[in-house]
Amino acid sequence: MKWGMTTSDIGLAAAAGKATARSSYSRVAIILHWTIAGLIIFNLAIGLVMEGFPLPLRFFALLLHVSSGMTVLALTMVRLVWWLTHEPPPHLASLKFWEHRLAHGVHVALYVAMVGMPLTGWAIVSAHPRLGSAGAAEQARHLPFKIPGSPAGASQPMPGAPPEPGAPALSGVPQGGPPPGAPPRREMKVWGFITLPPIKAIQDLGETAGGYEPQQALHEEFVSWHSIGGYLLILALALHIAGALKHQYVDKEPEFQRMGLGRRNKKV
Ligand code: HEM
Ligand code: HEM
């Protein structure tokens, strides 16, 4: 790849090197850019605060987070196809070598996050044993469950768990349901109507009682990747916005217009 080439230029090459006089991205690329950007910023914000929400608001926030994140994944697929089949505008001629390289690196990092964040999130919600499986019963033995009406602080095994020797039977408590505060085990519907299937290979790890602990360890790994990825994404986004502001206001180039902000120089 020649210096000065960016992610956008790969699309240019893919478009068989046709010359272009465009100075801004196409309408579809602009709509995709701002829709994805809005959803990602929403997800970063809600992702960082939702843990402090009380139930059931926390579950509702998580559903919005999951819906928005899975939409980012779908739109990023469309964007990648669009990018490979449509010619982007050439880069600003005034960019220095290091600016080309940095912009390219940041764009690649953003694309990795646009795919990687939804996938690690999906992996987190898949890393729970299937309800009714031996792994779910094993999980239940690890989670304290407070029986409504029991003395404050008294905790009992979760419903569905094998009874402790000599423990009283848990009557009137639904079997197999998640305890308060446990990871959501209900069916997840993207925007309320598309059921999100679990990633089967990850869910199946917890099918047996012995598989629960390795699955839990993997769950923690995915949470770490998702969390570190979130902070790296914020860093990449800060660099991306700083670069756009620099080109616009320091270099006095029509950078924002390239992405549809303000009047475009030439209609495409
Ligand atoms: C999470 C939010 C964002 C993501 C993931 C994102 C991602 C990207 C990516 C990957 C590109 C490269 C072009 C392409 O492949 O289509 C791009 C271009 C661009 N973005 Fe963003 N962006 C975000 C937010 C923003 C914001 C807030 C601004 C405004 C300051 C902005 C301004 C631009 C501009 C002006 C370009 C054109 C760069 C050029 O080729 O000259 N973006 N964005
Ligand atoms: C653009 C996509 C996404 C972004 C930017 C994003 C960002 C975040 C952030 C910043 C957090 C907080 C991490 C922390 O507290 O350290 C978070 C948590 C979480 N996200 Fe996402 N997320 C995205 C997509 C998804 C998707 C698609 C899912 C599920 C299908 C998901 C599931 C989760 C879960 C379950 C948590 C809580 C993890 C825990 O602490 O137990 N995320 N997300």
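Q: Which residues come nearest to ligand 2?

A: A residue is taken as near a molecule if its C-beta atom, placed from the backbone, lies within 6 Å of it. Of the 22 residues around ligand 2 in this structure, the nearest are Gly47, Gly69, Gly121, Ser227 and Gly230. This is a predicted model, in which local features need pLDDT of at least 70 and side-chain atom pairs count only at pLDDT 80 or more, while totals for chains, interfaces and linings use all residues. Residues are numbered from 1 along each chain as its sequence is written, and chains are lettered from A and ligands numbered from 1 in the order in which they are written.

Q: Which elements give two or more residues to the shell around ligand 2?

A: Elements are DSSP runs numbered from the N terminus, where helices are H or I with at least four residues and strands are E with at least two. Here α2, α3, α4 and α7 each give two or more residues to the shell around ligand 2, and α4 gives the most, with six residues.

Q: What surrounds ligand 1?

A: Ligand 1 is surrounded by 21 residues, of which the closest are Ala37, Ile40, Leu110, Ala244 and Met259. Two or more residues come from each of α1 (7-14), α2 (27-49), α4 (97-126), α7 (212-250) and α8 (255-258), and the largest share, six residues, comes from α2.

Q: Which residues form the largest nonpolar core?

A: A nonpolar core is a set of buried Ala, Val, Leu, Ile, Met, Phe, Trp, Tyr and Cys residues joined through C-beta atoms within 7 Å; a residue is buried if 20 or more other C-beta atoms lie within 10 Å of its own, with C-beta atoms placed from the backbone. In this chain the largest core has eight residues, namely Leu62, Val66, Trp122, Ala123, Ile124, Val125, Ala127 and Met188. Both α3 (57-85) and α4 supply at least two of its residues, and the largest share, four residues, comes from α4.

Q: How many helices and strands are in the chain?

A: The chain has eight helices and four strands, and along the sequence they follow the pattern α-α-α-α-α-β-β-β-β-α-α-α.

Notes:
Buried ≥ 20, exposed ≤ 12 C-beta atoms within 10 Å, placed from the backbone.
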